[in-house]
Amino acid sequence: MVPGISVYGEKRVEIGAATGGEGEKKEYRLWNPYRSKLAAAIYNGVEAVHIVPGSKVLYLGGASGTTVSHVSDLVGPEGMVYAVEFSHRSGRDLVEMSKRRPNIVPIIEDARHPVKYRMLVPMVDTIFMDVAQPDQARILAINAQYFLKNMGHYVISVKANCIDSTMEAAVVFAAEVDKMKKDRLKPLEQVTLEPFERDHAVVVGVYRPVKKTA
């Protein structure tokens with residue numbers, strides 16, 4: 001989206017015509033899986049994150065915009081990213097970064113209260129969530145009720161020790177998936193984020209799936 005500018009010091013690579021040659025040059029940004037849970041999930045083999053050119057994405061937990069900027073690149077100029085961040089300090093960086101990227105709408109609000117930004121966000125194709133809170137499954141569910149299309153997708157990063165540090169990570173992940181199912185958030189796949197993040201998993205699923213008729 002913004003050639004020639006690094007967002008967080010990441011390397012950039014130009015591919016295309018040699019100097020003086022014909023053809024179009026393209027610039028790519030390296031995506032560090034140690035800095036981004038979405039990148040870690042992709043590196044670890046998740047089949048699809050459902051973030052494609054032209055899609056509308058609600059991003060919960062935008063922080064300073066590191067991963068938001070990559071999602072901005074993925075959806076391209078025809079797509080939109082609605083990035084919600086509660087921290088005003090991180091939010092300042094998010095707002096500054098978004099000034100160069102017209103497909104990002106920064107929203108400095110608490111993701112627990114989607115009613116506060118309901119006038120800013122339309123129905124979206126995908127929700128990506130990276131909010132390390134004990135009630136993160138509930139936060140995902142209430143945002144899905146407001147904004148996620150039927151048969152839309154969600155991608156959530158689950159941090160086990162933030163939910164219950166006394167239980168095995170796999171047990172916590174299973175319990176969170178059960179909570180999602182009760183809110184019609186059907187899981188499709190799950191990957192752990194080792195070695196990039198300890199005791200983390202990313203769950204990808206679909207909202208309000210249509211039941212198959214016999």
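Author: Ala63 counts as partly exposed because its relative accessibility is 34%; here buried means under 20% relative accessible area, exposed over 50%, and partly exposed in between, with a 1.4 Å probe and protein chains only. The residue belongs to the loop between strand 3 and helix 2, where helices (H or I, at least four residues) and strands (E, at least two) are DSSP runs numbered from the N terminus. Although Ala63 is not a glycine, its phi is positive, at about 50 degrees.

The model is predicted, so local features need pLDDT of at least 70 and side-chain atom pairs count only at pLDDT 80 or more, while totals for chains, interfaces and linings use all residues. Residues are numbered from 1 along each chain as its sequence is written, and side-chain values use heavy atoms, with hydrogens and water left out.

The buried positions are Thr66, Thr67, Val68, Ser69, His70, Val71, Ser72 and Val75. Their cover includes strand 2 (26-29), strand 3 (56-60), strand 4 (80-85) and strand 5 (104-108), together with helix 1 (37-43) and helix 3 (88-98); contact means heavy atoms within 4.5 Å. Just after helix 2, Gly76 also has a positive phi, of about 70 degrees.

A further non-glycine residue with a positive phi is Asp199, at about 55 degrees. Asp199 is placed in the loop between strand 8 and strand 9, and it counts as partly exposed because its relative accessibility is 27%. That loop also contains Pro195; the peptide bond leading from Glu194 to Pro195 is cis, with omega near 5 degrees.

Arg198 lies in the loop between strand 8 (185-192) and strand 9 (200-207). With 67% relative accessibility, Arg198 counts as exposed. Between Arg198 and Gln133 the C-alpha to C-alpha distance is 16 Å, at a sequence separation of 65 residues.

His200, by contrast, is part of strand 9 and counts as buried because its relative accessibility is 7%. The His200 side chain reaches the backbone oxygen of Arg198 at 2.8 Å. This is a polar contact, that is, a pair of N or O atoms within 3.5 Å; within protein, one must be able to donate a hydrogen and the other to accept it, and residues adjacent in sequence count only if both atoms are side-chain atoms. Leaving aside residues up to four places away in sequence, His200 touches Lys37, Ser157, Val158, Lys159, Phe173, Thr192 and Leu193.

These details belong to a protein with 6 helices and 9 strands. The C-alpha trace spans about 60 × 50 × 40 Å along the principal axes. Buried residues form 44% of the 214 residues. Among contacts with a separation of 6 or more, 60% join residues 24 or more positions apart.
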